[in-house]
Amino acid sequence: MKTCQKNLSLKKRIFILFFCILTLMVCAYIFVITRFITQFTQKQLDFDYNTILSEASDTLENILWNLTLTSQQLLDSKELLKNIESYLSTEDLLEKKDCYYEMLNTVSSLTMSNTDIALIYLYDIDENEIIYNTLPNIKSSDSPVLYQNSDYTFYGPGKSQSNFVGSPVVCLKRQFEDENGHRFLLSIESGYYSLDKPFHSAEQKSSYFIFTDEKKSVIYNTLPKSWNVPDIMKSLSLNARHDFHSFCKTGPQGWSVYIVIPNDIYAHDYRMVLRDFGICTLIISIIVSFLAIYFWKSVYHPLQLFDNQLNRLLSDDDSLEEIHSSIPEYDHLLQKILVLQQQIQQMIPQFVNQEKLHSRMQLEKLRAQINPHFLMNTLNTLHWMALMKHETEIDRITQSLSHLLSYNLDKQSYSTNLERELMALKEYVTLQKVRYAFQFDISFYPENTTLNYPCPKFILQPLIENSLSHGYQENMDIYLTVHVNDSIEIIIRDTGAGIQENTLLKLQQLTPIPESHLSDNMQFGIGLQYVVQSLNDFYGGNYNFSITSSLGNGTEITLNFPKLKGGGYHAENINY
């Protein structure tokens, strides 16, 4: 499994990732369709149709209430009743006309704010004549009874009693008597467009209304003429609906409103909802695909640019070309790679020169190893010749020179221990006594102490050489004292000529010099500068160097450095 993952490129991983996402979306879509969307869609459709049905039922109920309230307002109007009585009691046509206009004004003032009233007429039952009407061409209504009680009767929905109204209306008829027992009939119809809104909503959904009375007899319907209404009502009563869906709502007075939807219309609406959901899913899939492409261009394509730049960096191609990925972060990294390429190209000549210099130094090292071997063999020959001729002094000097050269020419080691450094110093003093007349003495505190402490090579010889070269006086004394306590302190004191004050000040200010500036700064006090530099490099700055002098009385140099554990160049900086 791990091997397979290692072999997959980023491009394949991106493709697999987004392919799995799309597959998961399709599976989720199918699962949601089968488990939830079907139920949700059906409930949504049922909710939509029930909303239309509720709108029709509520509209009809409001119309009935509005008609009832209007009739009660008219009959409670004493002014209207008085006008009716005056109209019937006079025979004068002008007075009748005035009474008619009075009735018109009274009715208008009572119904002015009610826009759902289209037709009002007052019929004299005893005289068989219409006393008052708001629209001409009144005819008797043939609409079935929707609901009735002892006071009034509701008809419709159905055709209007006036030829001027073509929309279905609801009619209220109510009989009453005046004080003289004269009978009248008050008829009020709903507005022209009172039922248009729910009818229009049903028409948009290709559904139909059926209005029934409390006995479930059909009063009004919007079904196509080709449909068999009795069969449909029978199916509704038996709840056996094979060709259509239906919903019903019953009013408080017992009448009912049905909404009927053909199966093909219902199925079409169902498919439309699923289609919308499918379109949304397709759009989401397209967006995910575009995101995949954008992700590929944003991640994989810049990686290809990185690969090309690195290949150019690893190859012998020394051309420099600035590449852009249109992404600021990647452009920043590509710019760094370009800078790295420039730096590498600049460093290549330096590496070539360093390699040439290293090869030259190796040759010089080989040459230097040949000359010391010849010199040591020559000294060894002189040693044996002196022994053969019994020249002990020459043999002693030759042996000291041989030992000192062997110690100095050991280039494999840059450090020694204090004991070997003192032995080499004794050999050097032996050779110098051939030239100079002086006394040399070494003392240790405590006595017989162990001196196997690591230190740099040649830190003592330059100090003795400095005393002889610059402060020599005949029969002078040189004393070297070694104190071993928590640290090592070496004091070299002579009775020579001393050092001039200005020279002494310069020597007292000697400090370590960076390696890159050694050749420029070692023009004064080379031997002492070497000692200071060696102590600083070996002990990491944990040392002390001091010098004092007096003209005619000699010079004293003090070295103080820590005791280290071990005996070579890689000694640990750990106190005993």
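Ser206 sits in the loop between helix H5 (196-204) and strand E7 (208-212). Helices here are DSSP runs of H or I with at least four residues, strands are runs of E with at least two, and both are numbered from the N terminus. This is a predicted model, where local features need pLDDT of at least 70, side-chain atom pairs count only at pLDDT 80 or more, and totals for chains, interfaces and linings use all residues. Residues are numbered from 1 along each chain as its sequence is written, and side-chain values use heavy atoms, leaving out hydrogens and water.

**Backbone features to look for**

Most residues other than glycine have a negative phi, and most peptide bonds are trans. Ser206 has a positive phi near 55 degrees. The cut-offs are under 20% relative accessible area for buried, over 50% for exposed, and in between for partly exposed, with a 1.4 Å probe and protein chains only.

Asn475 is not a glycine, yet its phi is positive, at about 65 degrees. You can find Asn475 in the loop between helix H11 (461-470) and strand E14 (476-484). With 56% relative accessibility, Asn475 counts as exposed.

| Cis peptide bond | Omega |
|---|---|
| Gly156 to Pro157 | near 10 degrees |
| Tyr445 to Pro446 | about -5 degrees |

Pro157 belongs to strand E4 (residues 153-158), while Pro446 is in the loop between strand E12 (438-445) and strand E13 (454-456).

How do helices H9 and H10 pack? Helix H9 (residues 392-408) and helix H10 (residues 418-432) pack at an angle of about 140 degrees, and their axes are 9 Å apart. Axes are lines fitted to C-alpha atoms, for helices over the stretch in contact, and angles run from 0 to 180 degrees between N-to-C directions. H9 and H10 are therefore oblique to each other. Angles under 35 degrees count as roughly parallel, over 145 as roughly antiparallel, 65 to 115 as roughly perpendicular, and the rest as oblique.

In contact, meaning heavy atoms within 4.5 Å, H9 residues including Arg396, Leu401 and Tyr407 meet H10 residues including Glu421, Ala424 and Leu431. The residues of this contact divide into seven nonpolar, three polar and four charged. Nonpolar covers Ala, Val, Leu, Ile, Met, Phe, Trp, Tyr, Cys and Pro; charged covers Asp, Glu, Lys and Arg; the others, Gly among them, are polar.
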